[in-house]
Amino acid sequence: SLPQTSTSVRISVIVPVRNEERNLTDLLQSLLAQQYPVQNLEIILVDDGSDDNTLFLAQTAAEDHAHVKVVILDPRKTGNGGKKRAIEAGIAAATGEWVVCTDADCTHHPQWLQYMAGASTSGKKFAAAPVVFRTQSNMLSVFQTLDFMTLQGIHAASVALRLHSMCNGANLAYRRDAFYDVEGFTGIDRLPTGDDMLLMHKIYRKYPDGITYIWHQHAIVQTRAPETWNAFFQQRIRWASKAAFFDDKRMVWVLWIVFLLNVWIMVLMG
């Protein structure tokens with residue numbers, strides 16, 4: 001059956017930004033084109049110490065659109081919290097019952113928020129949804145697309161079968177009160193990453209029936225892929241650094257199996 005859609009849920013979209021002038025125009029164009037009632041929507045851009053034109057672009061958008069807000073983090077208070085501190089600040093400023101998180105280098109289908117909101121009306125506490133790379137024709141792009149698509153399939157299957165909790169921080173949503181019910185990022189705040197799967201795992205432990213995966217083409221988010229092999233491997237190292245914080249070590253094996261399988265496929269293709 002198709003996932004539910006809704007336009008009645010009060011949504012707060014939270015986007016941490018730091019030196020994103022390259023991406024912010026496309027992001028804002030994508031979010032402002034959402035077919036969602038503006039009276040039930042706020043877009044919160046959380047600037048974390050940008051030193052380019054990011055803050056100017058964000059504040060200009062806020063001046064032009066009443067449902068766009070800008071939160072400026074105080075660098076003296078954020079420490080090494082990274083993205084999690086930005087999300088916490090966004091949630092503190094939010095008025096929506098349903099928090100939707102995405103990244104600055106993403107673009108979205110105009111009905112994206114309708115599908116994200118549908119998970120809330122069906123009583124769920126946390127919803128993950130697909131993320132895909134914008135593909136190019138080079139070998140790195142092909143490999144990353146294959147690898148990422150495999151991971152997305154595993155994300156969906158793992159949620160459906162309750163094997164483990166996997167998601168991507170570029171496309172997820174949760175109830176604001178559920179975030180506070182599990183004390184937010186407390187206990188997982190030593191890592192600069194972990195705003196996605198580690199939080200999902202906390203909510204899953206408290207609400208095992210409250211997790212869902214939104215498998216629909218309009219719920220897909222497109223994101224920019226790492227542009228070099230070094231950047232790709234650094235990304236995977238960051239992902240692997242979360243492993244020690246999971247109770248369920250099966251997730252570590254899943255990530256390694258996917259990676260090695262795709263390396264093998266690329267070797268065969270070569």
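Predicted model: local features only at pLDDT ≥ 70, side-chain atom pairs only at ≥ 80, totals over all residues.
Strand β2 is mostly covered: seven of its seven residues are buried. The chain holds 10 helices and 10 strands, and 52% of its 270 residues count as buried. Among contacts with a separation of 6 or more, 82% are between residues 24 or more positions apart.

**Strand β2 and its two faces**

- Both faces of β2 (41-47) are covered. On one side you will find Leu 41, Ile 43, Leu 45 and Asp 47, and on the other Glu 42, Ile 44 and Val 46, all of them buried.
- That split into two sets follows a simple rule: in a regular strand the side chains alternate between the two faces of the sheet.

**Parallel partners of β2**

- Strands β1 and β2 run parallel and are joined by seven bridges.
- To find your place in this pairing, look for Ile 14, which stands opposite Ile 44 in β2.
- Between these two strands the chain passes through α1, and this β-α-β crossover from β1 to β2 is right-handed.
- Strand β3 (residues 68-72) also runs parallel to β2, with five bridges joining the two.
- Here Ile 44 stands opposite Lys 69 in β3.
- The chain goes from β2 to β3 by way of α2, again in a right-handed β-α-β crossover.

**Helix α1**

- Helix α1 covers residues 21-32, 12 residues in total. From its first C-alpha to its last it reaches 17 Å, close to the 16 Å expected at 1.5 Å a residue.
- Which residues of α1 are buried? They are Asn 23, Leu 24, Leu 27, Leu 28, Ser 30 and Leu 31.
- What do the buried residues of α1 pack against? Their partners are the strands β1 (11-17), β2 (41-47) and β5 (106-108), together with the helices α2 (54-64) and α5 (112-121).

**Helix α5**

- The buried residues are Trp 112, Leu 113, Gln 114, Tyr 115, Met 116, Ala 117, Gly 118, Ala 119 and Ser 120.
- After α5 comes Gly 123, which has a positive phi, near 90°.

**The β5-β10-β7 sheet**

- Three strands form an open sheet in the order β5-β10-β7, and the pairing is mixed.
- Strands β5 and β7 (131-133) stand at the edges, each with a single partner strand, so one side of each is left without a neighbour in the sheet.
- On average, neighbouring strands of this sheet are turned by 30° against each other, direction ignored.
- Strand β5 pairs with β10 (residues 221-223) in the antiparallel sense, over three bridges.
- Within that pairing, Thr 107 has Gln 222 of β10 as its bridge partner.

Definitions and conventions
Residues numbered from 1 in each chain as written. Heavy atoms only, no water. Helix = DSSP H or I, 4+ residues; strand = E, 2+ residues; numbered from the N terminus. Expected span 1.5 Å × (residues − 1). Buried < 20%, exposed > 50% of the residue type's maximum accessible area, 1.4 Å probe, protein only. Contact = heavy atoms within 4.5 Å. Pairing = 2+ DSSP bridges. Axes fitted to C-alpha atoms, helices over the stretch in contact; angles between N-to-C directions. Right-handed = clockwise from strand over helix to strand, strands pointing away.
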